[in-house]
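Reader: I am new to this structure and would like to talk it through. Could you show it to me, please?

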Amino acid sequence: MEIDLSKENSELRKRIAELETENDSLHRVISVSENHTSQSEIDISEIAMRLNALSEASFEALFFSEKGYCIDANMTGCEMFGYTYREILGMFATDIFAEESKELVRNNITAGVKFSYDAVGLKKNGEKFDVEIQGKNYLYDGRNMRVTAIRDISKRKKAERRKQEIEIKFKTVFDNAGDGILIGDNNGVIIDINQSFCAITKYTKEQVLNRHISFLFPKEILTEKPLKFAELDSGQSFILQRTIVGAEGSLIPIEMNSRRLDENFYISVIRDLSERKKHEEAQIEADLKYRAAFQTSPDAININDITGIYVDINQGYTDISGYTREDIIGKSSFELNLWNKTEDRDRLIKGLLEAGIVENIEFDFKVKDGSLKTGLMSARIIQINKIPHILTITRDITERKKAELLIREQNEKLETINKDLSVLNEEYLNQNEELESAERETREANERLKIASEYLKKINIELIAAKEKAEESDRLKSAFLANMSHEIRTPMNGIIGFSEMLKIPEISVEKKDKFVDTINECGQQLLSIVNDIIDISKIEAGQIDIFETSENITEILLKIHEYYQNINKNSHLEIRLNVSNISSLQPIRVDVGKLRQIIDNLMSNAMKFTKSGFIEMGAKIEKEFLVLYFQDTGIGIPANLAELIFERFRQVETHFTKVVGGTGLGLAISKAFAEKMGGTLHVKSELGVGSVFYLRLPINFTTIIPEEKKYLSPKKSQQTTILVVEDEITNYILLREYITKITEHIFYASTGKEALDLFAKHEEIDLVLMDIKLPDTDGFELTKKIKGIRPNLPIIAQTAYAFAADRQKAINAGCDEYISKPLNMKLLLELITKHIE
């Protein structure tokens, strides 16, 4: 407890003021001034009162101690450490300091040092904080006393650390940036470059520093595109594509982003555009992977231009036909004489011209060795780079046709046998009594043969049913695969096409914003398709899990109704809601995620097929069941399809796919979810009038009040520090862009070891964003280790694992929140804001 006092006499006057309430102390003070008059006593008392007031008004903590024990303190000292005046009296000097500072304070008191020094204070509640101490010993009434002043310097220390961190971060960014960075003075002379600049240009620092920037550019380039120092001086910044000369004389295409740092310096960030070729090669690699899937299909797949010329074939085509790629590409099926019957080819062409699609045509075709095979073909018109092509998928059913022929032959033989047996039976019945025993044996044999015949007939019927079912499955899956190719390629075309457009520098900002919005919409569409495929796969595998929470059904329906009202752009279509029958319904337990998915599927379908009139969403109670209904005035469903629409892949075999698109899985998924939750989903419909879907769920009441979800607006904070644990650098860059809307203080770790090292070094970390899949460990184990050290530190799991079981596993490991990739920026910032506040 230390601070310098400028005037030695003031120490005694302060002590007198602080002890003037103690009569015996006041008498001793007065005895020292035995020659003073009564007027002097009044002056001393007045001075004591003033000094006491100054002590209490001081912004510094003041302590008086004897033999290391506190005998007096001012109010600032009590408040600074959180003790009452009575509690602070009698405490030893080191009791108000953290363990790491106790020895330092004890030694300085013992040595009687007068200079100021820093230490770590310890409040009554256990909180540590930085302090500056200065003290001095003095002799009072024959007793060795010490006065100590303490300042709270926490803010100053934090500011110093922050400044140091900023300088380190700038230096780190400058030295480790992937782009080249060049700093110049007002005259255009280069005064600093980073290592990436050297890597791009192959120059050393010595070759570049103190030279004018113009030496980097070919003279003819400078004539065509002169440097823009005047514009930079006016406060403008530029992003230009230029060409510079490397140390080895090679021309390097770059993108140059220049601006002024301040009135004395400018900075240019230089990006080597040749890296974009690597990205293009990566795109080619992705295309090759997609092509590998195309090639591994056992069915023959070929793409022809609109005139019938082969553009591409897969390995399945080669395996089935015997032709090589060189035999086929650039020729037509007519030239290769593949069709056994020209009328089959004419039927294909007619179907494509009329409907744009042909499904499940059986035909005979010639292979390379001249033999005939039977195929089941589906074809459709597709767009490749906005040019129409014909996509054809052919399944070799030659062996199946042989099996069918064999079955027919067997049936004919069985019929012949039955006829012969009947004749024999008649002959045996006409035998005389002497052959009675033989007749009985013959009848028994005949019965056995009849049983065998019936059994063979039954097997034959089952084989025919199995064949028809297999053909139906093949037809549906072929149609599904063809439709899925269209559904995936459509958003992929938007993503790739508009991504290419963004590279064009002349595109306006408004158009780029529209392109980005379109890319995002296509990405969401693609994600929806992937989610449908994952859901139907989980349903096939019987891995649907139900996670119930307490929910207010009325509030859920109000929010969904508001959403569909907002997205409804059709002035002829009214979106209605009727919840009057459940207004008093108390909260129930339900899997809200699956319930929302069912409702979204039903509402989306209603909006697709309803062009005018209304769509009404409502609810009512029937005994122990909650019934949600969705009524529309759309096109309706034919009676023969009312139940088939709930079967997977069914939509893709109808004309509805061409009208509204979609995977045809939504109703199958919804029905499976409803049944898993103990309910049912069915439809009543009339063609041309409309449809009503009924979702019936058992009611499970709960006394738990649903937690109200409020959006927390992210706020910029200079005190918040976040640790991002993510092994993919691309994902980290995206996360950093999101998080900087809240704070600039971000640490990054790509492995579990780096994360633990940073966590040990930086106690100021306020929150952790944890990836689950890491190269050296998994996020669950890493979360357990961190929580073992700081149980109250918020940890948000962010991962590409998107199943509900993965969420529960993250919560069980100690994560406070869970968010799946692709990340929703608004939701992520809301979760961070929730925990840092």
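Reader: Is D141 buried, partly exposed or exposed, and where does D141 lie?
Author: D141 counts as partly exposed, at 47% relative accessibility. Buried means under 20% relative accessible area, exposed over 50%, and partly exposed in between (1.4 Å probe, protein chains only). D141 lies in the loop between β4 (128-140) and β5 (143-152). Helices (H or I, at least four residues) and strands (E, at least two) are DSSP runs, numbered from the N terminus.

Reader: What about the phi of D141?
Author: The phi of D141 is positive, about 55 degrees, although D141 is not a glycine. N337, also not a glycine, has a positive phi of about 55 degrees. N337 sits in the loop between α15 (333-336) and α16 (342-355), and N337 is partly exposed with a relative accessible area of 44%.

Reader: Before we continue, what kind of model is this?
Author: This is a predicted model, in which local features need pLDDT of at least 70, side-chain atom pairs count only at pLDDT 80 or more, and totals for chains, interfaces and linings use all residues. Residues are numbered from 1 along each chain as its sequence is written, and side-chain values use heavy atoms, with hydrogens and water left out.

Reader: What pLDDT does the chain average?
Author: The chain averages a pLDDT of 82, and 83% of the residues score at least 70. Here pLDDT is the predictor's confidence in each residue, from 0 to 100.

Reader: Where does pLDDT stay under 50?
Author: Residues 1-13 are one such stretch, with 41 contacts beyond four places in sequence in the model. Residues 655-659 also stay under 50, with 10 contacts beyond four places in sequence. Contact means heavy atoms within 4.5 Å. Where pLDDT is low, the predicted coordinates should not be read in detail.

Reader: How many helices and strands are there in the chain?
Author: The chain has 28 helices and 27 strands. Of its 837 residues, 40% count as buried.

Reader: Let us turn to a strand. Why is β6 described as largely enclosed?
Author: Strand β6 (residues 180-185) has 6 of its 6 residues buried, so β6 is largely enclosed by the rest of the structure. Both faces are covered: G180, L182 and G184 are buried on one side, and I181, I183 and D185 on the other. In a regular strand the side chains alternate between the two faces of the sheet.

Reader: Which strands pair with β6?
Author: Strand β10 (residues 265-272) pairs with β6 in the antiparallel sense over 6 bridges, and I181 stands opposite V269 in β10. Strand β7 (residues 190-193) is also antiparallel to β6, over 3 bridges, with I183 opposite D192 in β7. Two strands pair if DSSP finds at least two bridges between them.

Reader: And how many residues lie between β6 and β7?
Author: The hairpin of β6 and β7 has 4 residues between the strands, and G188 takes a positive phi near 85 degrees there.

Reader: Now a helix, please. How many residues has α20?
Author: Helix α20 (residues 553-567) has 15 residues. From first C-alpha to last, α20 reaches 22 Å, close to the 21 Å expected at 1.5 Å a residue; the expected span is 1.5 Å times one less than the number of residues.

Reader: Which residues of α20 are buried?
Author: They are I553, T554, I556, L557, I560, H561 and Y564. Seen down the axis of α20, these buried residues fall within an arc of 160 degrees, so they line one face of the helix. The arc is that of the directions from the helix axis to the C-beta atoms.

Reader: What do they pack against?
Author: The buried residues of α20 pack against several elements, including β16 (549-551), α21 (592-609) and β20 (625-632).

Reader: Which residue caps the N-terminal end of α20?
Author: N552 caps that end, with a side-chain oxygen 3.0 Å from the backbone nitrogen of T554.

Reader: One last topic: where is the cis peptide bond between K821 and P822 placed?
Author: The cis peptide bond joins K821 and P822, with omega about 0 degrees. P822 is found in the loop between β27 (817-820) and α28 (825-836).

Terms used
Polar contact = N/O pair within 3.5 Å; in protein donor to acceptor, adjacent residues only side chain to side chain.
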